[in-house]
Amino acid sequence: MTFAPTDIPAGARYSPAPDMARLRRLRRFLFAALGYGALCVLLVIGAWVGTMSGRAVAIVCAFCLMAHLALYAAFYTNATAHWKEPTGALAHLFVGFCVVALCCALIPEFRGVALQVFFLIIAYDAARLSRLQIAVASGLMVCGLALSPLNAWLFPSGEHALQDELLNFVMAVAYLPALMGIGHVVRSAQQRQRRQKEALETALSQLQALSERDVLTGATNRRQAMVLFEHAQTHQRQTRQPLSVCLLDIDFFKQINDHHGHAVGDRVLRGLVELARESLAGAHTVARWGGEEFLILMLDTPVPAAVQAMNRLRERLRDHDWASVAPGVQVDVSVGVYGHRPDDTLSQALERVDQALYAAKQQGRGRVVQYRA
Ligand SMILES: Nc1nc2c(ncn2[C@@H]2O[C@H](COP(=O)(O)OP(=O)(O)OP(=O)(O)O)[C@@H](O)[C@H]2O)c(=O)[nH]1
């Protein structure tokens with residue numbers, strides 16, 4: 001059943017729901033930026049106490065600042081949403097690689113720390129990168145790392161320089177498989193969690209649909225019909241539009257069961273719901289109220305139109321060729337129609353429509369009768 005949305009009062013401002021994905025990305029970026037901030041503080045302290053070149057530190061810090069301002073702009077304006085990798089993990093990795101490369105090239109004293117920082121960056125982004133992307137990033141890092149021993153070999157400067165550089169290189173490369181493994185485990189866990197969440201959501205929506213439907217006919221069941229009835233009442237009170245309530249009962253249904261069997265009776269019930277749905281287009285509810293009794297709620301429909309619609313449905317059911325269900329099956333119905341008033345309670349409305357149906361049965365069945373007080 002569909003209801004008109006509640007009107008937004010004039011002058012009220014519509015505020016769209018915030019883009020949660022964008023906010024999440026921005027938060028993640030700011031968290032990572034804090035790490036770079038800490039790195040820069042460390043560098044500045046190093047320069048201040050005189051263990052590092054102030055110029056080199058200034059260059060690294062300036063690069064960090066510029067790169068993060070550019071990244072912030074991209075995240076803030078949601079430009080990353082159009083990127084192939086909307087989380088910006090690759091861009092982040094690239095910035096990290098440049099920072100580490102700058103540190104290694106300009107501040108040799110800081111090389112060990114810089115490499116560990118790069119490990120942290122990869123570990124931070126590993127879950128969001130594909131295996132290929134991590135492999136490429138790691139390969140780039142290995143190449144970068146290899147420059148140091150190569151440099152020490154080509155331009156020897158001290159007794160143990162080459163050995164130290166080689167040791168550094170081997171230690172760093174040894175970390176890589178572990179990092180890739182961690183990335184893979186985290187990513188698999190995330191994917192598993194996402195799949196489980198999707199399966200749970202699907203199961204929940206199926207369960208909800210099942211709990212609202214009649215198992216035999218697929219019509220709205222009685223429990224859900226009560227809920228929809230209350231919604232229809234609220235709708236009528238808000239809009240002051242007419243609401244017609246109809247109760248339809250198959251005439252002599254017991255005889256269909258007795259002559260043709262219960263299975264045929266079941267198929268007649270299913271066929272009736274199908275035909276009712278076809279002939280009652282619009283925002284109407286067809287609910288199985290009990291055995292062979294159906295409640296029909298017709299929103300925004302005055303009683304004369306509802307009576308007309310019920311007569312059409314009755315004729316359609318009567319004239320329908322039921323031979324495909326079982327030869328010789330005839331179906332006719334009695335219907336009570338009640339024009340719901342905005343101040344009616346649920347039980348009042350149900351009692352009145354039931355009285356109208358009773359009158360239809362009393363008057364000889366096979367007819368539509370409107371409730372009269
Ligand atoms: N096949 C089938 N029959 C059902 C189902 N639920 C109720 N019935 C049958 O519906 C019949 C209702 O019989 P009655 O209440 O005597 O009504 P009727 O024969 O339609 O007579 P009137 O309503 O007075 O015209 C009973 O035989 C029930 O067994 C169902 O789910 N499937």
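**Ligand shell, sheet and helix packing in a predicted model**

Of the 16 residues around the ligand, D251, F253, K254, G265 and G291 come nearest. A residue is taken as near a molecule or strand if its C-beta atom, placed from the backbone, lies within 6 Å of it. The structure is a predicted model: local features need pLDDT of at least 70, side-chain atom pairs count only at pLDDT 80 or more, and totals for chains, interfaces and linings use all residues. Residues are numbered from 1 along each chain as its sequence is written.

Three elements each supply at least two residues of the shell around the ligand: strand 1 (243-250), helix 8 (253-260) and helix 9 (262-279). Helix 9 gives the most, with four residues. Helices (H or I, at least four residues) and strands (E, at least two) are DSSP runs, numbered from the N terminus. By class, the shell holds seven charged, five nonpolar and four polar residues. Here Ala, Val, Leu, Ile, Met, Phe, Trp, Tyr, Cys and Pro count as nonpolar, Asp, Glu, Lys and Arg as charged, and the others, Gly among them, as polar.

The protein chain contains 11 helices and five strands. Of its 373 residues, 31% count as buried. A residue is buried if 20 or more other C-beta atoms lie within 10 Å of its own, exposed if 12 or fewer, and partly exposed in between; C-beta atoms are placed from the backbone. Among contacts between residues at least 6 apart in sequence, 66% join residues at least 24 apart. Two residues are in contact if their C-beta atoms, placed from the backbone, lie within 7 Å.

The five strands form an open sheet in the order 2-3-1-4-5, with mixed pairing. Strand 2 and strand 5 (368-370) stand at the edges, each with a single partner strand, so one side of each is left without a neighbour in the sheet. Neighbouring strands are turned by 20 degrees against each other on average, direction ignored. Strands pair if DSSP finds at least two bridges between them. Strand 1 and strand 4 (residues 333-340) run antiparallel and are joined by eight bridges. In this pair, D249 stands opposite S334 of strand 4. Helix 7 (residues 222-239) packs on the sheet and touches strand 1, strand 2, strand 3 and strand 4. The direction of helix 7 makes about 140 degrees with that of strand 2. Axes are lines fitted to C-alpha atoms, for helices over the stretch in contact, and angles run from 0 to 180 degrees between N-to-C directions.

Strand 2 is mostly covered, with six of its seven residues buried. Six bridges join strand 2 to strand 3 (residues 293-299), and the two run antiparallel. A hairpin links them through two residues. H284 stands opposite M298 in strand 3. R288 also lies in strand 2 (residues 284-290). R288 is buried because 23 other C-beta atoms lie within 10 Å. Leaving aside neighbours within four places in sequence, R288 is in contact with D214, T217, A219, N221, R222 and F294. The C-alpha atoms of R288 and T217 are separated by 8.0 Å, although the residues are 71 apart along the chain.

Helix 10 (residues 303-319) lies across strand 1, strand 3, strand 4 and strand 5. Helix 10 runs at about 165 degrees to strand 4. A306 is found in this helix. With 26 other C-beta atoms within 10 Å, A306 is buried. Beyond neighbours within four places in sequence, A306 is in contact with S244, C246, M298, T301 and V337. The C-alpha atoms of A306 and L243, 63 residues apart along the chain, are separated by 9.1 Å. S324 is found in the loop between helix 10 and strand 4. S324 counts as exposed, with 10 C-beta neighbours inside 10 Å. Its C-alpha atom is separated by 9.8 Å from that of R267, 57 residues away along the chain.

Helix 3 (residues 89-106) and helix 5 (residues 131-154) pack at an angle of about 5 degrees, with their axes 11 Å apart. That makes helix 3 roughly parallel to helix 5. Angles under 35 degrees count as roughly parallel, over 145 as roughly antiparallel, 65 to 115 as roughly perpendicular and the rest as oblique. Helix 3 makes the contact through L90, L93, F97, A101 and C104, and helix 5 through Q133, A137, L140, G144 and S148. The residues of this contact divide into seven nonpolar, three polar and no charged.
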